[in-house]
Amino acid sequence: MKGLGILYSDWKSSQLTDSISKRFREEVTRKTGERSKPSGTGFKEFATNRINIERDARKILSNIGKNITDEVEKVGMLGPEKGELKCATSFKFQQGDIHDAKYITMTSMRKTDQKDFVQMIKDVKRKSTSDDLFDSITQLNDIPDIDKIKSISDLLLFWRRFTLQGEQYSPSNGECSMLNLHNELDEEKEIYILDEPERSLGNEYINDVIIPLINDKAVQGKIVFISTHDANVAVRTLPYNSIYRCHDIDGYATYIGNPFSNNLVHAVDESKVLDWKKISMKTLEGGQSAFGERGKIYGNN
């Protein structure tokens, strides 16, 4: 900052000296009736102006030619086999020749006007010492949205997409459900409410990703409410309390219990008790016979 202060002081001193000299010449002319000779031809100012124009154009072109590192954000897991889905955003400065439709502007600027601007800046740099320089500057100023370009950030383009293992990827509706559920459980909360988390999800994803996440929340002392028809979710999460809603000859009834006591007790009449294991097997597994048949198919091992 000290160096800038000295430069400013020198510039201001020269400006004041020139102003005094000009005023002195005017007074001499007024008193003698003869015009004083000019102190210069103006070529210095002309040359300096051309040099500054070329320098500024070169600086703009140099900056928009720089590469920008992609931004990559984690979206969520798609299971142990597919891996983690990510969102990648690539950035490029418009250099006058980018026509790729996947890249869009960061602002309301049209891509055509950006390209015209860069092409004219290249033209201005090339003609900085030519007589027709100001024709190019006039064309530059005639670009419709020229007033919207206030910095090189207004020339920025971006392309955002999902990637899986480094390749572009479009998640299915089921995979979107996976990601939403995974992100919901990944957030730090005190209470989680999950309504049929198994919907649109494969059993492998439920077993390998979702159930471990739910169990981890329980270990942390979080409260997790789950409404489910899936046996893996209902049983493997080891619920502290199970709420069973049924309809019989007496109408709707609600039973509360857990797998540790193996009881489901009527919410109003505590004399009514159901077997938690049998009810769970009937409701979630299709009954004991269906469960046994699957055991025979899979084998005891």
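1. In helix α4 (residues 133–141), the buried residues are Leu133, Ser136, Ile137 and Leu140, where buried means under 20% relative accessible area, exposed over 50% and partly exposed in between, with a 1.4 Å probe and protein chains only. Because these residues cover an arc of only 100 degrees around the axis, they sit on the same side of α4; the arc is that of the directions from the helix axis to the C-beta atoms. The buried residues of α4 pack against α2 (43–64) and α3 (111–126), contact being taken as heavy atoms within 4.5 Å.

2. This is a predicted model, in which local features need pLDDT of at least 70 and side-chain atom pairs count only at pLDDT 80 or more, while totals for chains, interfaces and linings use all residues. Residues are numbered from 1 along each chain as its sequence is written, and side-chain values use heavy atoms, with hydrogens and water left out.

3. The protein has nine helices and eleven strands; helices (H or I, at least four residues) and strands (E, at least two) are DSSP runs, numbered from the N terminus. Of its 301 residues, 32% count as buried. Among contacts between residues at least 6 apart in sequence, 54% join residues at least 24 apart.

4. The largest pocket holds about 950 Å³ of space and is lined by 29 residues, of which Ile226, Pro239, Asn241, Ser242 and Ile243 lie nearest its centre. At least two lining residues are supplied by each of α6 (203–219), β7 (223–227), α7 (231–236), β8 (242–248) and α8 (276–285). The lining divides into 18 nonpolar, nine polar and two charged residues, with Ala, Val, Leu, Ile, Met, Phe, Trp, Tyr, Cys and Pro counted as nonpolar, Asp, Glu, Lys and Arg as charged, and the others, Gly among them, as polar. On a 1 Å grid over the protein atoms alone, a pocket is an open set of points with protein on both sides within 12 Å along at least five of seven lines, and lining residues have an atom within 4 Å of a point. Grid points are joined across faces, edges and corners, and the volume is the space filled by probe spheres set on the points.

5. The count comes to 14 salt bridges, each being a side-chain nitrogen of Lys or Arg within 4 Å of a carboxyl oxygen of Asp or Glu. Aspartate 123 and arginine 126 form one of them, at 2.2 Å from N to O; both lie in helix α3, three residues apart, about one turn of the helix. Aspartate 123 is buried, at 10% relative accessibility, whereas arginine 126 is exposed, at 58%.

6. Lysine 189 forms a salt bridge with glutamate 184, the closest N and O atoms being 2.5 Å apart. Lysine 189 is partly exposed at 25%, as is glutamate 184 at 27%. Elsewhere, salt bridges that share partners join Asp123, Arg126, Lys127 and Asp132 into one network.

7. Most residues other than glycine have a negative phi. Phi of glutamate 196, however, is near 45 degrees, a positive value; glutamate 196 lies in the loop between β6 (191–195) and α6 and is partly exposed, with a relative accessible area of 24%. Asparagine 262 has a positive phi near 60 degrees, is found in the loop between β9 (251–258) and β10 (263–266), and is partly exposed at 25%.

Definitions and conventions. 1 Å grid on protein atoms, 1.4 Å probe; cavity = no way out; pocket = protein on both sides within 12 Å on 5 of 7 lines; lining within 4 Å.
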